[in-house]
Amino acid sequence: MATVAEIRPETPRVKTLALDVPGWAGHRGGQHVDVRLTAEDGYQAQRSYSIASAANAARVELTVEGLEDGEVSPYLTSVARAGDQFEIRGPIGGYFVWNADPGGPVLLVGGGSGVVPLMAMARQRAADGDAVPTRLLYSSRSWEDVIYRDELEGLSGDGFRVVHTLTREQPPGWTGYARRVDAEMLTQVAPSDLALAFVCGPTPFVEAVASTLVQLGHDPAKVRTERFGPTGG
Amino acid sequence: MDALRLDGNAAAGTLQQVFTTEVTTAVGTCGGCGATDAVGAAHVYVSAGIVLRCPHCDTVLLRLVQHEERIWLDLTGLRSLALRV
């Protein structure tokens with residue numbers, strides 16, 4: 001069982017839940033947990049959520065976007081309070097996880113809350129002092145929808161670089177990308193000697209980015225994806 | 001493009017119950033086209049149950065349905081699976 005220790009708003013639609021999980025043996029950046037809620041009548045709903053915190057963090061943090069028609073996310077973002085308990089299973093996964101020695105530069109591409117497992121990787125990279133050159137291309141609708149905005153700014157440097165694209169609305173004076181991720185953008189941002197790419201976001205976003213990377217000549221085996229689909233809530 | 005398509009990662013928690021080890025890095029061989037790839041790279045469709053399809057030829061590799069305390073598993077399309085224990 002996990003106990004909610006703290007809830008922090010990240011953006012108007014996204015919250016981070018810090019959980020106390022007795023006996024948690026640590027995890028790797030990119031892994032997820034399954035959250036299971038049980039109603040009084042016994043009905044159960046289960047969803048997967050990426051872990052946002054670094055492996056060495058004191059608490060297990062989940063960053064969750066509230067989806068109006070979701071079964072689990074509205075509880076996590078609107079109903080849950082400090083002290084509440086729910087069942088979690090994990091950490092799960094070994095394929096979509098940070099690799100400190102991939103043999104070359106790493107590209108992370110996140111769409112919306114797809115940035116969450118990539119943030120866990122960035123946090124792990126910083127905490128471990130990994131030297132792997134890493135770029136994060138992060139697509140958001142607007143500047144206020146950018147999750148972890150200040151922390152990403154702080155992580156920049158030491159071979160870590162963040163490139164934002166704002167697809168719907170840009171603040172006055174914005175000089176960065178202002179469109180969906182496309183081949184030209186990936187050509188400019190992705191290192192030519194890319195060793196590994198991690199792409200996470202809604203299914204259409206992931207399909208588009210992964211297929212474009214392959215069209216640009218990157219080995220499909222080096223492009224790892226995590227889609228969360230429209231039914232992820 | 002299928003909007004309901006996910007990755008092997010989405011099935012990892014349930015499959016881990018069955019195989020009692022991490023499954024997304026396990027390497028499967030498709031019974032349809034013979035391609036080998038990590039389970040994490042498979043295409044996954046989740047509804048009443050879980051269906052894994054080969055990312056190369058779309059053959060159904062695995063079907064899993066869970067009802068209460070019972071899991072039903074069909075591995076007809078999977079020629080082999082190499083797991084780390």
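How many residues does helix α5 of chain A have, and how far does the helix reach from its first C-alpha to its last? Helix α5, residues 203-215 of chain A, has 13 residues and reaches 18 Å, close to the 18 Å expected at 1.5 Å a residue; the expected span is 1.5 Å times one less than the number of residues. Helices (H or I, at least four residues) and strands (E, at least two) are DSSP runs, numbered from the N terminus.

Colleagues, a word on the basis of this talk. This is a predicted model, in which local features need pLDDT of at least 70 and side-chain atom pairs count only at pLDDT 80 or more, while totals for chains, interfaces and linings use all residues. Residues are numbered from 1 along each chain as its sequence is written, chains are lettered from A and ligands numbered from 1 in the order in which they are written, and side-chain values use heavy atoms, with hydrogens and water left out.

The predictor gives the complex an ipTM of 0.79 and a pTM of 0.91. Chain B has a mean pLDDT, the predictor's confidence in each residue from 0 to 100, of 90, and 95% of its residues reach 70 or more. Within chain B, confidence is lowest in β1(B), at a mean of 79, and highest in strand β8 (residues 78-82), at 97.

I return to α5(A). Its buried residues include F205(A), V206(A), V209(A) and L213(A); buried means under 20% relative accessible area, exposed over 50%, and partly exposed in between, with a 1.4 Å probe and protein chains only. Among the elements that cover these buried residues are β7 (106-111) and β10 (196-201) of chain A, together with β1 (5-7) of chain B. After α5(A) comes G217(A), whose phi is positive, near 105°.

Next, the sheet beside this helix. Five strands form an open sheet in the order β9-β8-β7-β10-β11 of chain A, with parallel pairing; two strands pair if DSSP finds at least two bridges between them. Strands β9 (160-166) and β11 of chain A stand at the edges with a single partner strand each, so one side of each is left without a neighbour in the sheet. Neighbouring strands are turned by 15° against each other on average, direction ignored; axes are lines fitted to C-alpha atoms, for helices over the stretch in contact, and angles run from 0 to 180 degrees between N-to-C directions.

Where do the residues of β7(A) lie, buried or exposed? Six of the six are buried, so β7(A) is largely enclosed by the rest of the structure. V106(A), L108(A) and G110(A) are on one side, and L107(A), V109(A) and G111(A) on the other. In a regular strand the side chains alternate between the two faces of the sheet. Six bridges join β7(A) to β8(A), with T134(A) as the bridge partner of V106(A). Five bridges pair β7(A) with β10(A), where G110(A) stands opposite C200(A). Helix α2 (residues 115-128) of chain A packs on the sheet, and its direction makes about 145° with that of β7(A).

Finally, the cysteines. The whole structure holds zero disulfides over all chains, a disulfide being a pair of cysteine sulfur atoms within 2.5 Å. For C54(B), the nearest cysteine sulfur, that of C33(B), is 3.8 Å away. C54(B) is buried, at 3% relative accessibility. The sulfur of C57(B) is 3.6 Å from that of C33(B), too far for a bond, and C57(B) is partly exposed, at 32%.

Note on methods
Contact = heavy atoms within 4.5 Å.
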